[in-house]
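Subject: Handover of a structure

Hello,

I am handing over the structure we discussed.

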Amino acid sequence: LYVSTDKFTQQFIDAVQSNNRNDFIHFYQMIDILIVDDVQLLSGKKGTQDAFFHIFNHLHQRGNQIILTSDKAPADIQDMEQT
């Protein structure tokens, strides 16, 4: 699945507002290959970052492929949880 960070963030906000956060996370945990574009846009979005890292850790533990793209080097991204 390819998803932009903007779309991921909007889906997360919609899920929180409709009280479907667990369904949102479960959907992404079932992906075999996840491609997230412009991951630097997660900067400063604590709730979205928490959901993303929960999904990331689950996929990583299962050995699934995760591809992240960014217009910035990791060291240049502010307000991003370090994991």
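This is a predicted model: local features need pLDDT of at least 70, side-chain atom pairs count only at pLDDT 80 or more; totals for chains, interfaces and linings use all residues.

Overall fold

The protein chain contains three helices and three strands. In sequence order these elements run β-α-α-β-α-β. The C-alpha trace spans about 35 × 30 × 20 Å along its principal axes. The radius of gyration is 12 Å, which agrees with the value near 12 Å that a compact globule of 83 residues would have. Of the 83 residues, 33% are buried.

As for contacts, take those between residues at least 6 apart in sequence: 79% of them join residues at least 24 apart.

Surface and charge

The protein chain exposes about 5,300 Å², and carbon and sulfur atoms supply 50% of that area. There are 6 positive and 11 negative side chains in the protein chain. The centres of these two sets lie 4 Å apart.

Core

The largest nonpolar core has 20 residues. Those that touch the most other members are Val3, Phe8, Phe24, Tyr28, Leu34, Phe52 and Ile55. At least two residues of this core come from each of helix 1, helix 2, strand 2 and helix 3. Helix 3 gives the most, with five residues.

Setting aside residues up to four places away in sequence, Tyr28 touches Leu1, Val3, Phe8, Gln11, Leu34, Ile55 and Leu59.

Loop residues

Which residues of the loops deserve a look in the viewer?

- Asparagine 19 sits in the loop between helix 1 (5-17) and helix 2 (21-29). Its phi is near 60°, a positive value in a residue other than glycine. Asparagine 19 has a relative accessible area of 71%, and because the cut-off for exposed is over 50%, asparagine 19 counts as exposed.

- Aspartate 32 belongs to the loop between helix 2 and strand 2. Its relative accessibility is 58%, so aspartate 32 is exposed as well. Apart from residues up to four places away in sequence, aspartate 32 touches Arg62, Asn64 and Gln65. Aspartate 32 and alanine 73 are 41 residues apart in sequence, and their C-alpha atoms are 26 Å apart in space.

- Aspartate 38 lies in the loop between strand 2 (33-37) and helix 3 (46-61). Aspartate 38 also has a positive phi, near 60°, in a residue other than glycine.

- Glutamine 40 is in the loop between strand 2 and helix 3. Is glutamine 40 buried or exposed? With a relative accessible area of 10%, glutamine 40 is buried, because the cut-off for buried is under 20%. Leaving out neighbours within four places in sequence, the contacts of glutamine 40 are Thr69, Ser70, Asp71, Lys72, Ile77 and Met80.

Positive phi values near 60° are found at asparagine 19 and at aspartate 38.

Regards

Note on methods
Residues are numbered from 1 along each chain as its sequence is written. Side-chain values use heavy atoms; hydrogens and water are left out. Helices (H or I, at least four residues) and strands (E, at least two) are DSSP runs, numbered from the N terminus. The radius of gyration is taken over C-alpha atoms; the globule rule is 2.2 Å times the number of residues to the power 0.38. Buried means under 20% relative accessible area, exposed over 50%, partly exposed in between (1.4 Å probe, protein chains only). Contact means heavy atoms within 4.5 Å. Accessible areas come from the Shrake-Rupley method with a 1.4 Å probe; for residues, only the protein chains shown count as cover. Lys and Arg count as positive and Asp and Glu as negative; His and the chain ends are not counted. The place of a charge is taken as NZ of Lys, CZ of Arg, CG of Asp or CD of Glu. A nonpolar core is a set of buried Ala, Val, Leu, Ile, Met, Phe, Trp, Tyr and Cys residues joined through side-chain atoms within 4.5 Å.
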